[in-house]
Amino acid sequence: MAYFSRSLTVEEVMREEKAAVAGPVETTVRYKVVIKEINGWFGRKQALKNINLNIKDKSVTAFIGPSGCGKTTLIRCLNRMHEMTPCALVEGQVLVDGADIYDKSIDPVVVKRRVGMVFQKPNPFPTMSIADNVAAGLKLNGIKDKNLIAEVVEESLKGAALWDEVKTELDKPGMSLSGGQQQRLCIARALAMQPEVLLMDEPTSALDPLASSKIEELVRSLKEHVTIVIVTHNMQQAARVSDFTAFMYLGEMIEYGATSQIFKNPEKELTERYISGKFG
Amino acid sequence: MNNAERKDYRLVLHGHMKKTYRKRIIIDRLATIFAIVCVVAAIIPLGSILLEVVKNGVAALSLEFLVATQGSIGSGKGGIGPAIQGTIIVVGLASLIATPVGVLTGIYLSEFAGNGIFPSAVRFLNSVLTGLPSIVIGIVGYVTVVLVLGSFSVWAGALSLSIIMIPIVVIVTEETLRIVPHSLREAGYALGISKAKITLNIVLMTAKSGVLTGIGLGIARIAGETAPLIMTILGTSLFFSSLEGPVDALPLRIWRLASQPYESAHSFGWGAALVLILMVLGVNVVLRLLAHKKGFTVRAEV
Amino acid sequence: MARLLDIGLDRIRNLIMDMATLSEESVNAALESYEKGVMLRPQIFEYSEKLRILQLEVADFATELIARYQPVARDLRFIQSCMDVAYGFSRFGRYAYDISDVLEAIGPIPDCDKSYVIEMANTAKNMIKLSVESLKKLDKDTSQKLYMMDDSVDALYRSYLRFVLTPRDREYAYAEVRCFISALLILRYLERIADHACYISDCVHYIVTADSSPRR
């Protein structure tokens, strides 16, 4: 879907129409994350049923669905955080760049360094300053070079669109920022680890509309460097921000496709009913 | 729903509430007054004790009092120097033993243990220990250390006091760590940090002030315990000589001074009590300052 | 429980259906004037005005629904199409008015051979009816039928044109010329009405399938 960033000439419009009618050309698409036959349980209750999904590199994929559909459970399977809940179980494979993160030989802690996560409620470390918060992942993983850390902190804060607002106050406590700024701080903290995939679990549901839209702009700019998966219960946000959308219901993947197609003409009736607000 | 047919609950309910309003206001006021009276009743003993101690103890304070050894009984000369030194040594040693044991146990119970049989047993035994009479702990110390080593000693006293202090530290540490929001741990995990580092650098740091308060509570408690000291350090009028020998301590000294029939001895006793109270106060003030000094504490949420 | 959007959708649907009825009556009145020579011009003018106002209201209301409720998928396609369909109905009213304009300008023509026009008029009237039916039921399959009828309308028009332009060996009388002119002008408008009926069924197809036009 072409974002309305420039107006198209007549030739370009005609070319696009021709392409739309002819169908997509098969180019080698790079899939960053391949989810194969994932099944997940909370104790006896099966929360995820046979999920199969390919997530394209350097794109934004949104998971939507009513409460309890399993979208948060699924996203937490992508960085091996689901299994940390007591009585939680995961079966299946998640391939990041072709390597299964659930393989026995892989340390779950290492997985989390490649696949970062941002949570619903901003959670900066209360005992640390802004700079220390951003550097927390680095310092507590053994990085000692102060100059390197300072560089990465500045880079990450710039990437999270927070640098200009805090560059003179890096020693102030992390909790002294507003809600929207705290969430951007958490994004910067996650970015400092240079993840390849960034998972965002309803990142704006605790924020006011202005802060939310700043984060949405941020997501759009971040996708050039990082593959992003975002869970949201706000359909319009999914429509605004994502390239691909997956609709889940009662633990199953009902439909997955390009966002413009899902919101213009979904294939499954259940999807149509959900996005039109007829249930959920 | 037809508005005309709908029963007018507003009139009925508000009417009732209006009728009982005056009565409820009176009950509210009475309850408040009763609560204030209870608070005052609770403060009076504390306040009067403090007043008595200060009133009677101030007179005995002097530099000589603080550093000299005991003079001849009944002479009115000398001081409680050895007792002060002994308290510092025994309480200090006991804290050094109890703090790591208590904090690490608290960390274990809060972060690593579930609700299985072993952790539940630990918690249960811990709470039993808090209720154990201190004289019993003194006997335990006597039997295990004094009889084995062959003499009353600092070790015995420190060990007994640490047994009293550990449960306090464990309970406060576990409670404070539990209060730390789980979202902070999750944030740490999501950054690929190991559990040990998360527990120490993030969770414990966040709960720092609470843990230090727990330690302060423990110290305040053991600084005033007399019964275990009777059976373990014996008390003496000499300064500290060795860890295997007896030593004096303020609670013991106060007890001995109070049992003597001389006026001067009683005066010294009040002075010693005042010193003890001031020392415990001092420790707690220092711990509070430490808690608030570096880093930022989680105040409102705790 | 009905969504807030549903209340808006009902309202816009009612507006469209009102416009459908009005435009049908308007075209029928114009064709009746031609057939029977009755003067129905003020009535037709009133209909046309009403249709124009209703069309503006549909456009405004559709925009408001989109801004307020951010509809997606079928709801969005329906609202978009309502704007196009409303324009189509207002065009029917306008063509009816144009037909009555022609009749006024030409004057009474009782002796003309009106058979071509009447045949085409009936087809056009049926096409309007069919398109309104397909809109009511959201039946996407009527498009094919309407295309065939549109083709026949086009063919009729061309054959009449050929008939008029075929050289004869005598001069035309003034009355005959007036017949030909009025018939040709009205046939032009009927052909446009037929096209718009097809556009309306295209809109219905779009609502149901999200494809723009099956003809292409």
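Strands (E, at least two residues) and helices (H or I, at least four) are DSSP runs, numbered from the N terminus.

Housekeeping: this is a predicted model, in which local features need pLDDT of at least 70 and side-chain atom pairs count only at pLDDT 80 or more, while totals for chains, interfaces and linings use all residues. Residues are numbered from 1 along each chain as its sequence is written, and chains are lettered from A and ligands numbered from 1 in the order in which they are written.

**Faces of the strand.** In a regular strand the side chains alternate between the two faces of the sheet. I checked both sides of β7(A): V197(A), L199(A) and D201(A) are buried on one, L198(A) and M200(A) on the other.

**Neighbours.** I then looked at pairing, which takes at least two DSSP bridges between two strands. Strand β6 (residues 115–118) of chain A runs parallel to β7(A), joined by four bridges, and V118(A) stands opposite M200(A). Strand β8 (residues 227–231) of chain A is also parallel to β7(A), with five bridges; here L199(A) has V229(A) as its bridge partner. From β7(A) the chain passes through helix α8 (residues 209–222) of chain A to β8(A), a right-handed β-α-β crossover (clockwise from the first strand over the helix to the second, with the strands pointing away from the viewer).

**Chain A overall.** I counted eleven helices and ten strands in chain A. Its radius of gyration is 20 Å, close to the 19 Å that the globule rule gives for 280 residues, so chain A is as compact as a globular protein of that length. The radius is taken over C-alpha atoms, and the rule is 2.2 Å times the number of residues to the power 0.38. Of the 280 residues in chain A, 43% are buried.

**Across to chain B.** I found 22 residues of chain A in contact with 18 residues of chain B (C-beta atoms, placed from the backbone, within 7 Å). The largest share of chain B's side, six residues, comes from α7(B).

Note on methods: A residue is buried if 20 or more other C-beta atoms lie within 10 Å of its own, exposed if 12 or fewer, and partly exposed in between; C-beta atoms are placed from the backbone. Two residues are in contact if their C-beta atoms, placed from the backbone, lie within 7 Å.
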